[in-house]
Amino acid sequence: MPQTLEPASGATPDFRKLLRQGQKKDPVAGKKIREEEMIRCGYHLTAAEQRQFKLLAISNGHSMTELLRRAVQDYIRIHKHKLPKE
């Protein structure tokens, strides 16, 4: 009998297990996982943080999005050893 990848109602999916099994769809959204696709994300900053961040980004010739993406990439690069092996 094939194993079902659907989580029981109310249970959270085991994303690491799904990735190991080669799961190609996000079990929550039901959409295909595309590694290179840009996905819109939301984040919360205080008004002062947002204003200062925007002013610094613009004054250095960058967008806030570009700087956030670089920060996330740096964080992933530094902590990548903690991720499950593919």
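This is a predicted model: local features need pLDDT of at least 70, side-chain atom pairs count only at pLDDT 80 or more; totals for chains, interfaces and linings use all residues.
1. Just beyond helix 2, Gly61 adopts a positive phi of about 75°.

2. A word on confidence, as you'll want it at hand while reading on. The protein chain has an average pLDDT of 78, with 58% of the residues scoring at least 70. Helix 2 (residues 47-59) has the highest mean pLDDT among the elements of the chain, at 96, while helix 1 (residues 15-20) has the lowest, at 64.

3. Now to helix 3, where Leu68 is found. Leu68 counts as partly exposed because its relative accessibility is 29%, which falls between the 20% limit for buried and the 50% limit for exposed. Setting aside neighbours within four places in sequence, Leu68 is in contact with Tyr43 and Phe53. Phe53 sits 15 residues from Leu68 along the chain, and their C-alpha atoms are separated by 10.0 Å.

4. Ile76 is also worth a look; this residue lies in helix 3, which covers residues 64-79. With a relative accessible area of 43%, Ile76 is partly exposed, because that value too lies between 20% and 50%.

5. Together with Val72, Tyr75 and Leu83, Ile76 makes a nonpolar surface patch of about 410 Å². As background for viewing the helix, an α-helix has 3.6 residues a turn, so residues three or four places apart point the same way.

Technical notes:
Residues are numbered from 1 along each chain as its sequence is written. Side-chain values use heavy atoms; hydrogens and water are left out. Patches are made of residues with over 30% relative accessible area and no salt bridge: like charges are joined within 9 Å, nonpolar side chains (Val, Leu, Ile, Met, Phe, Trp, Tyr) within 5 Å. Accessible areas come from the Shrake-Rupley method with a 1.4 Å probe; for residues, only the protein chains shown count as cover. A salt bridge is a side-chain nitrogen of Lys or Arg within 4 Å of a carboxyl oxygen of Asp or Glu. Helices (H or I, at least four residues) and strands (E, at least two) are DSSP runs, numbered from the N terminus. Buried means under 20% relative accessible area, exposed over 50%, partly exposed in between (1.4 Å probe, protein chains only). pLDDT is the predictor's confidence in each residue, from 0 to 100. Contact means heavy atoms within 4.5 Å.
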